[in-house]
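This report describes a single structure, shown below. Headings mark the topics.

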Amino acid sequence: MRQLLSSLSYFSIFFAPFLFPLIIWIVAKDDYITKHAKRALFSHVFPFVSAIPLLYFLFTADHPASIIGYIIVFFVIYFGSFIYNVYQGIKSLREAA
């Protein structure tokens, strides 16, 4: 059950990115589950927090190529976070085996 809740915290990027890990982190009493719920919550929030300075640079950019560059950087960060969550979800699920 521990591994299932931990992996669902990461896999919640598909269905409830912020809400599910936050609820698991608050409700769970097990340190293993809360550790993974905190990591999952951070990895869900990180791309949006990193978008704040990217949005600032996007609106203050003088050249169109830099605007495209900032958009590409955001998608790389978001895609990297997505892949990280899927990998960690599978990894924490396989720990049960």
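## Helix 1 and its cover

The buried residues of helix 1 are covered by parts that include helix 2, helix 3 and helix 4 (64–94). Helices here are DSSP runs (H or I, at least four residues), numbered from the N terminus. Ser6, Ser7, Ser9, Tyr10 and Phe11 are the residues of helix 1 that are buried. Buried stands for under 20% relative accessible area, exposed for over 50%, and partly exposed for values in between, using a 1.4 Å probe and protein chains only.

The model is predicted: local features need pLDDT of at least 70, side-chain atom pairs count only at pLDDT 80 or more, and totals for chains, interfaces and linings use all residues. Residues are numbered from 1 along each chain as its sequence is written, and side-chain values use heavy atoms, with hydrogens and water left out.

## The salt bridge

The whole structure holds 1 salt bridge, a term for a side-chain nitrogen of Lys or Arg within 4 Å of a carboxyl oxygen of Asp or Glu. Arg2 and Asp30 form a salt bridge, and their closest N and O atoms are 2.7 Å apart. Because Arg2 belongs to helix 1 (residues 2–11) and Asp30 to the loop between helix 2 and helix 3, the pair ties together parts that are 28 residues apart in sequence.

Between the C-alpha atoms of Asp30 and Arg2 the separation is 8.0 Å. Arg2 is partly exposed, with a relative accessible area of 39%. Asp30 is also partly exposed, at 26%.

## Ala37 in helix 3

Ala37 is part of helix 3 (residues 31–60). Its relative accessibility is 0%, so Ala37 counts as buried. Apart from neighbours within four places in sequence, Ala37 is in contact with Ser9, Pro21, Ile24 and Trp25, where contact means heavy atoms within 4.5 Å. Of these, Ser9 is itself a buried residue of helix 1.

Leu54 stands 17 residues from Ala37 in sequence, and the two are 26 Å apart in space, C-alpha to C-alpha.

## The nonpolar patch

Leu19, Leu22, Ile23, Trp25, Ile26 and Val27 make a nonpolar surface patch of about 570 Å². Patch residues have over 30% relative accessible area and no salt bridge; like charges are joined within 9 Å, and nonpolar side chains (Val, Leu, Ile, Met, Phe, Trp, Tyr) within 5 Å. Accessible areas come from the Shrake-Rupley method with a 1.4 Å probe, and for residues only the protein chains shown count as cover.

One of the patch residues, Ile26, is found in helix 2 (residues 19–27). Ile26 counts as exposed because its relative accessibility is 60%.

## The cavity

The count of cavities of 30 Å³ or more is 1. A cavity is a set of points, on a 1 Å grid over the protein atoms alone, where a 1.4 Å probe fits but cannot get out; lining residues have an atom within 4 Å of a point. Grid points are joined across faces, edges and corners, and a volume is the space filled by probe spheres set on the points.

The largest cavity has about 30 Å³ of space. Its lining is formed by Ile13, Pro17, His44, Phe48 and Tyr78.

## Ile72 in helix 4

Ile72 sits in helix 4. With 48% relative accessibility, Ile72 counts as partly exposed. Lys38 is 34 residues from Ile72 along the chain, and their C-alpha atoms are separated by 27 Å.

Methods
Helix = DSSP H or I, 4+ residues; strand = E, 2+ residues; numbered from the N terminus. 1 Å grid on protein atoms, 1.4 Å probe; cavity = no way out; pocket = protein on both sides within 12 Å on 5 of 7 lines; lining within 4 Å.
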